[in-house]
Each structure stands twice: as C-alpha cells, then as structure tokens.
Amino acid sequence: MKKIVIVDFGGQYTHMIARRVRECKVYSEIVHPERFVPDENTAGIIFSGSPKSVTDESMTSVKFDISKLNVPLLGICYGHQLIARLFGGKIESHQFREYGNVDILLFENANLFKGLEENQTVWMSHGDSVVQLPENFEVTASSTSTPVCAFQDISRKIFGVQFHPEVSHTKNGQKVIENFISLCGIGAEWAVENYIDTLLDSIRSESAGKNLLILISGGVDSLVALALCARAVGTERIVALHVDTGLMRYEESKAVMTFLHELGLANAQLIDASDKFLGKLKEVTEPEEKRKIIGAAFVETMHEFLASHSSELTKWMLVQGTIYPDTIESGGTEFAGAIKTHHNRVPEIEQMIAEGSVIEPLKEFYKDEVRLLGRQLGLPHELVDRRPFPGPGLAIRILATEGADKLSPEETMQAYMFSKQKEFESIILPIKSVGVQGDDRTYRHPLLVWQESGTRFQWSKIKSFASLAVNLQSTINRVIWSLYPVTETLSVRPLFIDKRSVELLQLVDNIVAEKTADIADIWQLPVVSLPIFTPDGKQCFVLRPIVSADAMTADVYEMDFALLEEIITEVQKIEGVGYIFYDVTTKPPATIEWE
Ligand code: XMP
C-alpha cells in the first residue's frame, strides 16, 4: 500500500503528524531516521520536529541521499532546518525561543498553501531558524521575527515549514497537510475498515500451525485483538485468559468473564493471581518498577498456565493488543524520551517478540481506529466505547510512598511567592507524579489550589490558572483543584499497594464511574489514591476526567459543578475518605495517568 512516511527525530508531535495524514485517508507510518530507506510504496516523506538542534555536531540525520529523492519531501520545524542544512543553507540559534501562536504572511508562489488566505496564525516552537536558503530554494512564508517561515524547491517538490501544521493551534494546518498529500499524488485509499482482510491474512500466516493465547484485560484493545483472531482462525485454536491481578476495578473480572462467554468463547479462563501480583508489589513505590514487575508477573502467570495446560510450549503464540502509541511512549524510538514503559513492552515480552512468538495485530493503529475495527467486527457498543483502563490497573493509580518527598526551601519559597500574587490559594504537595514536558518525562510535584469560601470561578479561569502555574513554576508538572476550601492541615502518610488500599480505591472509583457513565465526552476517568491525609486520618483522592481522541494529547473535562458536588458527597460517605480533588492539567504537560 502507498504510504506517507514520517521520519521521527524525536519530536513531541510526531504522532500528531501521522494522525493528520490518516485523517486524509492516507496510510502513514513512523520510522527511525537511521533505519529508513524509501521503497516503492513511499509516496512522500515528512521529517518531524526534534528536541535537538541542527547546529549541533551530534545532530541526527537520515541515511539516504535526499538530493536523489524522487518523491515529495516536507520538513517540519527541525525537519525544515535539516533540509535547509543538508542542501547547503545556513541555520542560526537564537537566544529566545519563539513559542506559541505567531502571525505569518504566505507568499503567492507557495504550492503548499494553495487555497489559504495570505494572513495565517500558526503555532511555533523553535530556537533555531533558517537564515540563508540553499540554491534554487525560495521563501514561501515569513513572520516579523522569522523571515524564512517556509520554503520550497518546486522542481524537486521539497518543502519546509518552521511552524507545526499538525497541532490544532495552527488553524489551517490540516489544509497544509492535505496540500502536501495531493502533491504526492496519492489518493484517499486508507480506511481501517478496508484493511480487515489484510489483517486476517497476516494473523493466519503468522500463527500457522500454532495455538493462540490472549490475555484479556477487559479493555477495548485486547478485545478487538481477540475478535480479529477469532475471525481469522476460529475460536478452537484460541485460549482467552483473564488474569485477575487483584488490581482490577470493582467486580471487573466477573464482568470480563461474562463478556467472553457472551462472545461465544468456550475456552475463556479466569486465573486469580491477586496474591501473586499484590505480593510482588508489596512496598514497591517507584512507578516504572511497578510496571516492570506487573509486565513480568503477567508473563510468569502465562507460562505457568501454559505449563499446566499443554506439554508443547512451542505450539503457542501470545497475542497482545498493543496499539501504535504504546511502542513510541515506551521510548520505542531511540530519539523519543521514554515517558512510560508500557507493561506489554517489558524485557520479557521484547525477548518473546524477538523470538517471533508474539502477534500484535493492532500495533499499527490508534485507539479510535481500533474502535472502528471493533465496530466493523460487530462488537457491541458497550465494549467498543468503554473508557480505557491501563494494563497495570489500579497499581499505577495508587501513589504508593514511604513518606513525603520533602520540598526544598527554594520550592517552598517559589510556591509561597506564587500564591501571594494570585486569586487562588495554593500549596505544592510533597508527592510526585509523571508528566511529559518538552519531549521528555518529568517526575515533579502537583500544586493544590482552591478558592476562598464563597467564590467559585468559571472553568476557563481555573484552567488558565493551571496552565500559567505549570509554565511559571519549574518544580510542578500538574495542578489539582479543590471545589471546597482546604481548611485542614494535610500531611503525607505511608501508602502501599495492598488489599485495603485497592479495595478503598475500587469503592471510590465505582461511585465515580456510575455517576459519570452517561457522559460520552469523558474519554477516560482515572481516579487516583493519594498518600495525603487529613489530621483525622481520612485519605484524599483525585479525579482525572479527560477529553481526548487517542490519549496522545488530552484536555480537562469541564464537569458540571452540581454533579461534582454530588459525586463528592456520595464518595465521602465511604469511611476513611477525605478531600476529593480534580486534576485540571492538560496533557502535555501532565500525562493522563499519574504514574
Ligand atoms: P498517559 O498516562 O501516558 O496514558 O498519558 C496514555 C494512555 O495509555 C494508558 N496507559 C497504559 N496502558 N499499559 C497500558 O495498557 C500501561 O502501562 C499504561 N500506562 C498508561 C492510559 O490509561 C491512557 O489511556
């Protein structure tokens, strides 16, 4: 199939480029700069952004000769500068980074901007600029601070844009991508629904002569992977195994087994491995360590199951519902920083992949495409549109700790100075959560904010305060807000993953899930258990309802305040539950899950 290839130099928005291309119904693939060579299916190439600079000695480039390329090439940000440099242009670093919305003027000659008005607002994030173009190249857009905002060499169909057409802040960015695709001469051929037969064929050939074992979490990815395998090879060769890790939601394992039986899988099996998982996680507090332990425990459980089920281990393959972003966010490319190691990308699994004993039929797709596939395969709406739940389950939603992460005097002072100037009361909490800032993982404090009794701001004000706070305070990556004033002194107490902490979180999570079940706009709603307690020993929790398309970026869901009050009242009826906070941070800078 003809495709547009995105060469990933580690930019934060590489996936957004791939998504934008697929929205034009053209297949896109993300590749590693040092391993990619164009082939007969490459209809066009896009170079991504990067946290690196092309002015550095250590800059990353591609391994093929771009002057001999016979398909169109588009460079974005770093990619734009890299093209200019490879053809002999000049790039300079500036002291100031141009960041955010910028007004630019498009030139009439620009083939990439066909159909667009000459004045456009685009989104930029760069410190380097092209200051001298290579021979035969012409400028196609300028701004007051960046004379070469875009260029082209139309005879060779080479284009560069300093701005990011792939992000939604560039209002007409999609049109730029569409124009590039039409310059590549590729038609709207890609639709995930039309790809099912190809997927079925490849499952059949990969699994020839083998039986399939698939671990079913209850989430949409593993269910769609299962439905595909069942369609490809029939249910007799498949064993669907649901492992109750003890870290599932309230009564989830029961519900999963019911789904599996309704799907007609006679070979569905439930293993209660809660003692194993909880035992291994006892006193583990580091988020990456949790994921690694859980990934390895799944593999161990699977091997034990196979050993008791069959004498011929080589006759089995493991099916995983890994989707496209999982591989990249785990540091799937050398250049993208590892934000989180997904539990299905731990070393034990990597080794099985290398040995050819894993099938991942969904590894090319984004979540919304997986849902389309699920619908096409006839899975019911309640399954296909379930809110995602991470494989490691509630383990990554219990912020286990041995005690407070002490704040330095500077951190305390920064928070104090900040809170003095603003309309919100705020304190930095001495705990940490994961975020994604720039192109890297951060592990920083959350800021807790609230208003004086009697004042209640609009969502827009709360959200803009949150983004200002994260931009101005380098020690935080997340803001949580309390609907009610925080009038008691809160403190950190040790918290671990055990039966008691899991059960309490299950009860809270279940009420929140029931009360919000009908809100289709909420894409996912993690509830996080904090090691923060009131003086009388009541534990605090955070709600994290988000709006998203594919988890790559997320916005805060603006819950009706009356509903939020109702949820808080209901949840606080559970013994031992204290304040309920609301996460008001977008992704980036915070990730969806706290760990
Ligand atoms: P973050 O927290 O990175 O999450 O913004 C993006 C999406 O991925 C889910 N997630 C996971 N899913 N194994 C999974 O199967 C994991 O280790 C894992 N970590 C995060 C998360 O719930 C969200 O939908």
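How do the residues of the lining of the largest cavity divide into nonpolar, polar and charged? In this predicted model, the lining of the largest cavity comprises 22 nonpolar residues, 16 polar residues and nine charged residues. The cavity itself is one of three in the structure that reach 30 Å³ or more, and the space within this largest cavity amounts to about 900 Å³. Its lining is formed by 47 residues, of which His342, His343, Phe389, Pro390 and Gly391 are the closest to the centre. The elements that contribute two or more residues to this lining are helix H5 (220-233), strand S11 (238-244), helix H8 (287-309), strand S13 (316-319) and helix H9 (324-329). Among these elements, H8 gives the most to the lining of the largest cavity, with a contribution of five residues.

The largest cavity is also the space taken by the ligand. Around the ligand there are 15 residues, and those that come nearest are Arg291, Lys340, Gln524, Ile592 and Glu593. By class, the shell around the ligand consists of five nonpolar, five polar and five charged residues. Contacts between polar atoms of the protein and the ligand involve both side-chain and backbone atoms, as the following cases show. In the case of Arg291, a polar atom of the side chain lies 2.7 Å from a nitrogen atom of the ligand. For Ile592, by contrast, a backbone N or O atom is placed 2.8 Å from an oxygen atom of the ligand, and for Gly391 a polar backbone atom is found 3.1 Å from an oxygen atom of the ligand. The ligand, when taken alone, exposes 500 Å², and 91% of that area is buried by the protein.

A further space is found in the second largest pocket, which holds about 760 Å³. This pocket is lined by 30 residues, and the closest to its centre are Arg249, Asp385, Arg386, Arg387 and Ala517. Two or more residues of the lining come from each of helix H6 (252-262), helix H12 (381-384) and helix H15 (499-516), and H15 gives the most to the lining of this second largest pocket, with six residues. The lining of the second largest pocket divides by class into 14 nonpolar, five polar and 11 charged residues.

Some features of the backbone may also be described. Most peptide bonds are trans, and most residues other than glycine have a negative phi. In this model, the peptide bond that runs from Lys587 to Pro588 is cis, with omega near -20°, and Pro588 is located in the segment after strand S24 (577-583). Pro588 and Pro589 are likewise joined by a cis peptide bond, for which omega is about 15°, and Pro589 also lies in the segment after S24. A positive phi in a residue other than glycine is found at Cys77, where the value is near 55°. Cys77 is placed in the loop between strand S4 (73-76) and helix H2 (78-86).

Conventions. Residues numbered from 1 in each chain as written. Predicted model: local features only at pLDDT ≥ 70, side-chain atom pairs only at ≥ 80, totals over all residues. Heavy atoms only, no water. 1 Å grid on protein atoms, 1.4 Å probe; cavity = no way out; pocket = protein on both sides within 12 Å on 5 of 7 lines; lining within 4 Å. Points joined across faces, edges and corners; volume = space filled by probe spheres on them. Helix = DSSP H or I, 4+ residues; strand = E, 2+ residues; numbered from the N terminus. Nonpolar A, V, L, I, M, F, W, Y, C, P; charged D, E, K, R; others polar. Near = heavy atom within 4 Å. Polar contact = N/O pair within 3.5 Å; in protein donor to acceptor, adjacent residues only side chain to side chain. Areas by Shrake-Rupley, 256 points an atom, 1.4 Å probe, with all protein chains shown as cover. Sits in = over half its atoms within 2 Å of the grid points.
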